[in-house]
Amino acid sequence: MRTLPPGLTATAVVAASSANLGPGFDSMGLAVSLYDEIVVETSESGLIVDVDGEGAGQVPLDSSHLVVRAIERGLRETGVAATGLIVRCRNDIPHSRGLGSSAAAVVGGLAAANGLAAQGGSSPMTDEELIQVAAEFEGHPDNAAAAVLGGAVVSWTTADGGRTRYGAASIRLHPDINVFSAVPQVRSSTAETRVLLPAQVSHADASFNLSRAALLVVALTQRPDLLMVATEDVLHQPQRAAAMPGSAEYLAVLRRSGVAAVLSGAGPAVLALSTEADLPAEALQFGRDNGFNVSRASVGDGVKWTSAVAAPH
């Protein structure tokens with residue numbers, strides 16, 4: 001394993017993501033145009049972590065920081081090491097709102113490691129490898145795949161001996177579909193809301209979601225007029241409603257207004273998909289009156305990384 005010299009820098013820019021999109025539990029994802037930027041520099045020794053924006057003053061500034069853990073994993077995966085690191089995070093993705101902030105941290109850290117490895121003469125991880133390693137952190141590939149590839153994705157999990165394998169494929173979003181995010185002030189934890197889901201579901205509910213998930217691919221790519229029925233779900237959103245009543249109510253308001261709205265990941269953010277240029281006025285007003293930051297978003301790009309030699313301090 002080659003040790004990198006001090007003074008190398010790498011930058012990664014990674015998008016937020018919304019998982020599930022209604023019926024596509026742990027499989028469908030969409031990158032959303034909120035971005036975190038990570039700048040990492042190799043140093044003689046030690047670790048310095050600086051965080052600006054979302055999470056500042058709330059996340060650890062040591063080796064337990066998720067970005068740092070991802071960088072170190074990425075360096076090992078690419079066969080290089082660093083004697084010291086300076087890590088700077090500039091975050092726009094809200095934390096604990098269902099917009100993939102943890103997946104962005106992992107993917108961004110791995111991509112930044114790619115930038116360092118490329119300068120150390122090692123081959124960077126491919127997109128497929130980034131998805132695999134990031135999904136191992138997350139335990140599921142939907143957010144990670146969207147953060148790596150950008151746009152809309154379908155992801156899956158397979159058993160390969162003793163290791164779980166993760167894969168993903170991009171799907172081309174229909175150009176008439178507009179994306180809107182509604183982000184509340186309240187927070188939620190995926191781990192806390194996942195325990196609300198039953199260990200078993202009925203055959204009828206499984207069949208319902210299978211049909212809607214298949215239809216969702218058609219709606220996203222060819223038939224946006226089917227988005228309302230295609231985003232119906234019975235496996236996770238109703239079960240999580242009691243833990244986030246404000247989001248559940250806003251979801252119902254949007255859907256009553258004819259907008260294909262879903263819980264973003266495990267919530268509490270809400271994502272709306274529409275062929276209209278804006279949401280209905282009454283739905284916009286309801287969201288704002290109830291503490292949601294409602295805005296039109298564009299589809300996010302896949303992760304990007306660059307590398308360079310740092311300027312002298």
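This is a predicted model: local features need pLDDT of at least 70, side-chain atom pairs count only at pLDDT 80 or more; totals for chains, interfaces and linings use all residues.
Me: Why is Ser 17 called buried?
Reply: Its relative accessible area is 0%. Buried means under 20%, so Ser 17 qualifies. Ser 17 belongs to strand 2, residues 8–19.

Me: What makes the pairing of Ser 17 with Asn 143 a polar contact?
Reply: The two side chains come to 2.8 Å of each other. The cut-off for such N or O pairs is within 3.5 Å, so the label holds for Ser 17 and Asn 143.

Me: Which residues is Ser 17 in contact with, leaving aside its neighbours within four places in sequence?
Reply: Among them are Leu 30, Ala 31 and Val 32. Gly 98, Leu 99 and Gly 100 are also included, as are Ala 146 and Ser 264.

Me: How do you know that strand 2 and strand 3 pair?
Reply: They share 11 bridges, in the antiparallel sense. Pairing needs at least two bridges, so strand 2 and strand 3 meet the rule.

Me: What other strands does strand 3 join by bridges?
Reply: Strand 6 (residues 84–91) is one, with 8 bridges. There, Thr 42 has Leu 85 as its bridge partner. Strand 7 (residues 152–160) is another, with 3 bridges. In strand 7, Val 154 stands opposite Met 28. Strand 3 runs antiparallel to strand 6, and antiparallel to strand 7.

Me: Why is Asp 142 called buried?
Reply: Asp 142 has a relative accessible area of 1%. The limit is under 20%, so the term applies to Asp 142. Asp 142 sits in helix 4, residues 142–149.

Me: What makes the link between Asp 142 and His 140 a polar contact?
Reply: Their side chains make it at 2.9 Å. The criterion is within 3.5 Å, so the Asp 142 and His 140 pair passes. Beyond four places in sequence, Asp 142 is in contact with residues including Asn 20, Asp 26 and Met 28.

Me: What makes the phi of Asn 20 worth a remark?
Reply: Phi is near 80°, a positive value, and Asn 20 is not glycine. Most residues other than glycine have a negative phi. Asn 20 is found in the loop between strand 2 and strand 3. At 3% relative accessibility, Asn 20 is buried.

Me: Why is Ser 96 called partly exposed?
Reply: Its relative accessibility is 32%. Buried would require under 20%, and exposed over 50%, so Ser 96 falls in between. Ser 96 also has a positive phi, about 60°. Its place is the loop between strand 6 and helix 2 (101–119).

Me: How do you know that the peptide bond from Gly 267 to Pro 268 is cis?
Reply: Omega is near 5° for that bond. Most peptide bonds are trans. Pro 268 lies in the loop between strand 10 and strand 11.

Me: What makes strand 10 and strand 11 partners?
Reply: They have 4 antiparallel bridges. The rule asks for at least two, so strand 10 and strand 11 pair.

Me: Why are strand 10 and strand 12 said to stand at the edges?
Reply: The open sheet has 4 strands in the order 10-11-9-12. Strand 10 (260–263) and strand 12 (292–297) each have a single partner strand, so one side of each lacks a neighbour in the sheet. Neighbouring strands are turned by 20° against each other on average, direction ignored.

Me: Why is strand 11 described as largely enclosed?
Reply: 5 of its 5 residues are buried, so the rest of the structure largely encloses strand 11. Val 270, Ala 272 and Ser 274 cover one side, and Leu 271 and Leu 273 the other; all are buried.

Me: What lines the second largest pocket?
Reply: 15 residues line it, and Leu 34, Pro 94, Ser 181, Val 183 and Asn 293 lie nearest its centre. Strand 12 gives the largest share of the lining, 4 residues. The pocket's volume is about 200 Å³.

Definitions and conventions:
Residues are numbered from 1 along each chain as its sequence is written. Side-chain values use heavy atoms; hydrogens and water are left out. Helices (H or I, at least four residues) and strands (E, at least two) are DSSP runs, numbered from the N terminus. Axes are lines fitted to C-alpha atoms, for helices over the stretch in contact, and angles run from 0 to 180 degrees between N-to-C directions. Buried means under 20% relative accessible area, exposed over 50%, partly exposed in between (1.4 Å probe, protein chains only). A polar contact is a pair of N or O atoms within 3.5 Å; within protein, one must be able to donate a hydrogen and the other to accept it, and residues adjacent in sequence count only if both atoms are side-chain atoms. Contact means heavy atoms within 4.5 Å. On a 1 Å grid over the protein atoms alone, a cavity is a set of points where a 1.4 Å probe fits but cannot get out, and a pocket is an open set with protein on both sides within 12 Å along at least five of seven lines; lining residues have an atom within 4 Å of a point. Grid points are joined across faces, edges and corners, and a volume is the space filled by probe spheres set on the points.
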